[in-house]
Amino acid sequence: MAGALSDRLGWAEQLHHVPTLPLANTPLILHSINLLRSLGVTDLTVNINHGANNVIRLLQSVPQQDIRIRPSLEHHLLGSANILRRLTPRPVEPFLVMMGDIFLDRVDMAGLLETHHKSGAVVTLLACRQYNPGYHSYGVLSVNERYELESIAKETEVESNFLVNTGFYLFNPEVIDLVPADKPCQIGRDLLPDLIAHGHKVQVVDIESYFCRIQDYRQYWQLNIDLASSKVRPAYESLPGGEETTKNLMGTSIRLEGPVTMGVGCKIERDVTIQGPAIIGNYVHIKRGSRLKNTVILDHTTLGMATEFEDCVISGERVASIQREEIVTISNPVILCSNRTLPFFDKIEQLIHSCLALLILIAVSPLFLLLILAIKLESAGPVFYTQLRVGQRKNRGDPFFYPGEVFVFIKFRTMYTDADSRLKQLLEQNEYHSPTFVKLKNDPRVTRVGRFIRKTSLDELPQLINVIVGNMRLVGNRPLPLYEAYNLKESWQQLRFTAPAGMTGLWQISGRSDLSMEERIILDNYYAVSRTFWSDMKILFMTIPAVIFQSGAR
């Protein structure tokens, strides 16, 4: 059976991207995959737009002996129904579609298939009863006596005891041709009403299952608490929950009251009291004297001494309080902070690159001094050109302004000193015809010496200093100027920033300035998801002939 998992979501107050949020220390998307696998899905397409790097990393961790997973990167949002057109290969039998921000603990697949075939419907959707008008779902359903769908409304239009759409569907293949290819189309808001209007039957199955659509921290907190207290026991997988965990404790005066689920690598100091149900994520450090009650703590969080938290979700410096209905940031490491650090092998890799850069800098120091003299003699101004550039994203959350960490980038000056102020006047000559990247042929801002050292890539030598201090590596994705990085708004474009910034990379050995903007982004993204230490070494050696033959250099 084929299936599709869509990451269609919207959570204005999110602490993370929803499908990667941990539920009892297992990401939601892995719960969804395990559910679909238990229902007999052997071929799964995962539609990705938001948080692509984290989703792809999680998908790579899934064993694929009995299920094939195909990531599908959606560049432009065209609605949840658009995923039907993205299924490859095209299904020839009824297939499942599941939204990526919902949790279901069980589905009667045999009963669902039987109802679908007997009803003759083109779509069958799962629904459940809710009694809270403020509860988030994919719409309130109106059905006839045969449970055939008549209309979909918003939750706010009813008062109590209503049937809601869970966002879990069984489609016939012919529905794919009914999805418009040239405009946005949502399944619940657009496709289903359109099917009904054209005489197609949409069947509704009322299920008795735990259902939650995670759209704010309140639903997220409640779902974790229910998992920890064993009120929810998924049929597809046994989860760690409902048992007191006593490992990784650093004192005998620690009190665990009620069910507490704890991840790996945690440190709990003496005189700590945790009243469950509670979820403690991976690599959480709770210092002496702290008191917690009904609390969910996400990975890599440190709680200071004698801190007290109740009914909340904690992630790094952020606290989402259920009682006060607010999210606050505590910028005080004595109280709360993130303890996330670079993995050990990343540190070793950075050290190797820094040492190699130091050796190269010593070896080319005579040439370095000669270039300083040539630049100084030709034109007035500083020898070095410094610019703020955006490199690797090292934090786990989405940045507020730029998609990676900003640092001071160093190179030999190849332009006149007024080059930056003249850029706006020359943007009409931009060969990319886009503000995302800028490339000017015969750039009038470049000096004669600058044109030579650009051709030979000698202007890049000062970046060895960036590598030595740890801003960059010898191999990586090119760090971008602020104006270029800021225009990479979409998640698929920002995937490049999950890789280290580098002096050379896949783009440099594949044509450099001869490549289009789309080719640059594709190469950068491919490097980000496929890079290894040995592939970096291969790129480093391939850079030598690329520099000698001036491939794509301008």
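**Close-up views of a predicted model**

View 1. Phe344, Phe345, Ile348, Ile352, Leu356, Leu359 and Ile360 make a nonpolar surface patch of about 680 Å². Patches consist of residues with over 30% relative accessible area and no salt bridge; nonpolar side chains (Val, Leu, Ile, Met, Phe, Trp, Tyr) are joined within 5 Å, like charges within 9 Å. A salt bridge puts a side-chain nitrogen of Lys or Arg within 4 Å of a carboxyl oxygen of Asp or Glu. Leu359 sits in helix α7, residues 344-363. Leu359 counts as exposed because its relative accessibility is 57%. The cut-offs are under 20% relative accessible area for buried, over 50% for exposed and in between for partly exposed (1.4 Å probe, protein chains only).

**View 2. The whole chain.** This is a predicted model: local features need pLDDT of at least 70, side-chain atom pairs count only at pLDDT 80 or more, and totals for chains, interfaces and linings use all residues. Residues are numbered from 1 along each chain as its sequence is written, and side-chain values use heavy atoms, without hydrogens and water. The chain has 15 helices and 30 strands. These are DSSP runs numbered from the N terminus: helices are H or I with at least four residues, strands E with at least two. Of the 554 residues, 54% are buried. The accessible surface is about 25500 Å², and carbon and sulfur atoms account for 55% of that. Areas come from the Shrake-Rupley method with a 1.4 Å probe; for residues, only the protein chains shown count as cover. Among contacts between residues at least 6 apart in sequence, 64% join residues at least 24 apart. Contact means heavy atoms within 4.5 Å.

**View 3. The nonpolar cores.** The largest nonpolar core holds 85 residues. Leu84, Phe168, Tyr169 and Phe171 have the most contacts inside that core. A core is a set of buried Ala, Val, Leu, Ile, Met, Phe, Trp, Tyr and Cys residues joined through side-chain atoms within 4.5 Å. Beyond its neighbours within four places in sequence, Phe171 contacts Leu84, Glu93, Pro94, Phe95, Val97, Val122, Val123, Ile187 and Leu191. Another core lies apart from the largest one, with 27 residues, including Val467, Ala499, Ile509 and Ile539.

**View 4. Ser119 in helix α4.** Ser119 belongs to helix α4, residues 109-119. Ser119 counts as buried because its relative accessible area is 14%. With residues up to four places away set aside, Ser119 touches Lys201 and Gln203. Ser119 and Gln203 are 84 residues apart along the chain, yet their C-alpha atoms are separated by 7.1 Å. The Ser119 side chain also reaches the backbone nitrogen of Ala121 at 3.3 Å.

View 5. Thr273 is part of strand β17, residues 273-275. Its relative accessibility is 6%, so Thr273 counts as buried. Excluding residues up to four places away in sequence, Thr273 touches Arg255, Glu257, Ser290, Arg291 and Leu292. Pro277 lies in the loop between β17 and β18 (278-280). The peptide bond from Gly276 to Pro277 is cis, with omega near 5°.

**View 6. Two loop residues with positive phi.** Asn25, in the loop between β2 (22-23) and β3 (26-27), has phi near 70°. Asn25 is buried, at 19% relative accessible area. Ala306, in the loop between β21 (301-303) and β22 (308-315), has phi near 60°. Ala306 is exposed, at 54% relative accessibility.

Note on methods: Polar contact = N/O pair within 3.5 Å; in protein donor to acceptor, adjacent residues only side chain to side chain.
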